Amino acid sequence: AGQVGTEATPAATIVIEDLGKGTFTLDGPWQFRPGDDPAWASAAFDSSGWERLTADQPWGRQGHRNLTGFAWYRCQISLSPAPGVPPRFSFLVPKIKDAYEIYWNGSLIGRNGKLPPHPVRYLSQPAQTFELGQVRQGVLAVRVWKAPQLSDDTGAAGGFWAPPLIGSPEAIANVKDAEEFQWLRSRQFLFGENLLCAVIALLSFLLWLRVPGRRILFWTAAFALCSPAKLLLQDAH
């Protein structure tokens, strides 16, 4: 498990100079605090007393095991584009558990899922991209909500699962496309297996319609359909 920094340290600015058409990994340090207050999105808010975490692993592995509910990350950034490159940047989030909102200098620029009182969360999350626009300096704030623990939750998850990236819109789009390709490639066997189950379910159901007395065909169709249904409802992006 990672070590948590509990001392009050100044919120250092991450300086990114001559950012061209590539990307920069915002692995931290990020200011972090459990709880919830809308004022924490403001660039003027003083978060120097917050502890510091990295974004390369969940908060449950950095001293906050079993933490659920709301928590915030904050990161001060100073950007300067490379010569000839427009100062327009995008932000990519690989995955955050469970639902979140992204703020730039106090303004909401995007979200994934919905936060309480009517929460919506997605179990399988593709990388999300958000437009920062023409920016030079400011504060990125991430408001995160983690759902209450279920029986299979080890308590180690929560917040960032991998560091976010910042870069030109083209570079961010390329990274997202590459991640989606790798996700599809890694699941070819799973897709084939579920396609076979779906075919078995369809054939069994059609045979049951012709011979209603053979209930085993109906139950075979229902059983074979469970795996494709789970893939579509829970595991598909």
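Q: What makes Asn194, Ala201 and Ser204 in helix 2 count as buried?
A: Buried means under 20% relative accessible area, with exposed over 50% and partly exposed in between (1.4 Å probe, protein chains only). Asn194, Ala201 and Ser204 in helix 2 are in the buried class. The model is predicted: local features need pLDDT of at least 70, side-chain atom pairs count only at pLDDT 80 or more, and totals for chains, interfaces and linings use all residues. Residues are numbered from 1 along each chain as its sequence is written, and side-chain values use heavy atoms, with hydrogens and water left out.

Q: Why does the span of helix 2 agree with its number of residues?
A: The expected span is 1.5 Å times one less than the number of residues. Helix 2 (residues 188–210) has 23 residues, so it should span 33 Å, and its end C-alpha atoms are 34 Å apart, which agrees. Helices (H or I, at least four residues) and strands (E, at least two) are DSSP runs, numbered from the N terminus.

Q: What makes strand 3 and strand 4 a pair?
A: Two strands pair if DSSP finds at least two bridges between them. Three bridges join strand 3 (residues 30–34) to strand 4 (residues 51–53), and the two run antiparallel, so by that rule they pair. Tryptophan 30 stands opposite leucine 53 in strand 4.

Q: How do you know that strand 3 also pairs with strand 5?
A: Four bridges join strand 3 to strand 5 (residues 69–81), again antiparallel, and at least two are required. Arginine 33 has tryptophan 72 in strand 5 as its bridge partner.
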